[in-house]
Amino acid sequence: MGQSDAVEYFNINDQPSSPRVHGTKKVSILPLIFLIFYEVSGGPFGVEDSVKTAGPLLALLGFLVFPIIWSVPEALITAEMGTVFPENCGYVVWVSSALGPYWGFEQVWMKWLSGVTDNALYPVLFLDYLKSGIPALGDGLPRAFAALALTFVLTFMNYRGLTIVGWAAVLLGIFSLLPFVVMGLVSLPKLEPSRWLVLNLGEVDWNLYLNTLFWNLNYWDSISTLAGEVDNPKKTLPKALFYALILVVFGYFFPFLVGTGAIPLDRDLWTDGYFSGIAKVLGGVWLSWCIQGVAAMSNMGMFVAEMSSDSFQLLGMAERGMLPEFFAKRSCYGTPLIGIIFSASGVVLLSWLSFRDIVAAENFLYCFGMIMEFIAFVWLRIQYPAASRPYKIPTGTPCLKYAEKKRLMKFSTSAELSDLHGPEQESVDSLPE
């Protein structure tokens, strides 16, 4: 499959990160931030079930604590490994380099199927937000044709270029968040902080609650399959992940504060689309329509961002010799032509599944892939401790070293213990730190 046993660490300052079409532009930091935003979140749509299943307090805490437990480590690993391997193969080459081509091949299809399965949701959710205004889109042939037409239009956008997709994500992201800022302003006189503290552990559906958190806060690693298309990934990728993390947490937490604090709690109403109902109560019909509109647009943003990652992953694998050469074919716009066709076909084939089936399937596939990535990260740190890492997660004991240097705490050693740096410890010194 074109893989050697040795790890290839590229110096991104001396050589191109990925073969490119002449004249195509690389992605700058602002579009990259919003591409990550749409890979992970897209706004507070689909999170309403967390209030229904766990109540306001756990919903608010979940979207503050879970990012620290899960999103931050995943984003940090993506930042480090994405700058070590700034190519479109992304997490596939991490796993292949650490664990060999077999597990790399397993990673390929687990992650690609997870992404395509996730992408099958968005045309369905888009139509769900529109069917209240256009009842014909509720079911039957009109809905099927509308889903196919939407998939075609968004796929064509991916074909036209990643820079177009990136700047479209910026515009969609701004428009998606603005109505919630307005909703927050008009809600100020009605906020009651005591509503945020409602908790009843006996009524918590822990399975659905945790599933909702996980589904809405994962996929940080997806941007790694676009690393070869990023302008100066050594600096741009870590910064974009940091700012995107802030944007994602704000995009969830702020609407939750407004929705749970300004409206009396009725947990049965907290289902998909309830933010538009809250907007109607707080600001009127016009604000409700704005929320419905940006919810639909958000699904468009998530679709094009996810398809970019899925299709460039296939291209990167072909550049690595892990797929037939025709997968590396680029269009005149620099986009992965065959990868886009394959990814769009997968979306159409999987779109018949129900929402719950899709979420369950993609979470299983995604978890498997992430386990492989964490193992690969640790293994490469152990086996290649001195390898060049343009961005490196600050692990170790920096706080204790700082405390010792500044004499904030007292440190001492026992005279009865042998010297770590003596002759008898040469074998220990040879181990990586």
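Over which residues does the pLDDT stay under 50, and how many contacts beyond four places in sequence does the model have for them? The stretch is residues 1–16, for which the model has 33 such contacts, a contact meaning heavy atoms within 4.5 Å, while pLDDT is the predictor's confidence in each residue on a scale from 0 to 100. Residues 418–433 also have a pLDDT below 50, and this stretch has nine contacts in the model beyond near neighbours in sequence. Where pLDDT is low, the predicted coordinates should not be read in detail.

This is a predicted model, in which local features need pLDDT of at least 70 and side-chain atom pairs count only at pLDDT 80 or more, whereas totals for chains, interfaces and linings use all residues. Residues are numbered from 1 along each chain as its sequence is written, and side-chain values use heavy atoms, with hydrogens and water left out.

The chain averages a pLDDT of 82, and 84% of the residues score at least 70. Confidence in the chain is highest in helix α1 (residues 29–40), at a mean of 94, and lowest in helix α16 (residues 426–429), at 38. Helices here are DSSP runs (H or I, at least four residues), numbered from the N terminus.

| Helix pair | Axes | Angle |
|---|---|---|
| α3 (residues 56–84) and α9 (residues 206–216) | within 10 Å | roughly 55° |
| α3 and α10 | within 10 Å | roughly 170° |
| α8 (residues 162–187) and α11 (residues 274–283) | 10 Å apart | about 45° |

Angles under 35 degrees count as roughly parallel, over 145 as roughly antiparallel, 65 to 115 as roughly perpendicular and the rest as oblique. Helix α3 is therefore roughly antiparallel to α10, and the contact between them includes Phe-63 and Leu-64 of α3 and Phe-253 and Phe-256 of α10. By class, this contact of α3 with α10 has 18 nonpolar, five polar and one charged residues, where Ala, Val, Leu, Ile, Met, Phe, Trp, Tyr, Cys and Pro count as nonpolar, Asp, Glu, Lys and Arg as charged, and the others, Gly among them, as polar.

Helices α8 and α11 are oblique to each other. In their contact, Phe-180, Met-183, Val-186 and Ser-187 of α8 meet Phe-275, Ile-278, Ala-279 and Leu-282 of α11, and by class these are seven nonpolar, one polar and no charged residues.

The structure holds 25 aromatic pairs, counted when rings of Phe, Tyr and Trp (its six-membered ring) have centres within 6.5 Å, with planes under 30 degrees apart taken as stacked, over 60 as edge-to-face and the rest as tilted. One of them joins Phe-256 and Phe-275, whose ring centres are 6.2 Å apart with planes at 55°, so the pair is tilted. Phe-256 lies in helix α10 (residues 233–262) and Phe-275 in helix α11, so this pair ties together parts that are 19 residues apart in sequence.

How values were computed. Axes are lines fitted to C-alpha atoms, for helices over the stretch in contact, and angles run from 0 to 180 degrees between N-to-C directions. Helices (H or I, at least four residues) and strands (E, at least two) are DSSP runs, numbered from the N terminus.
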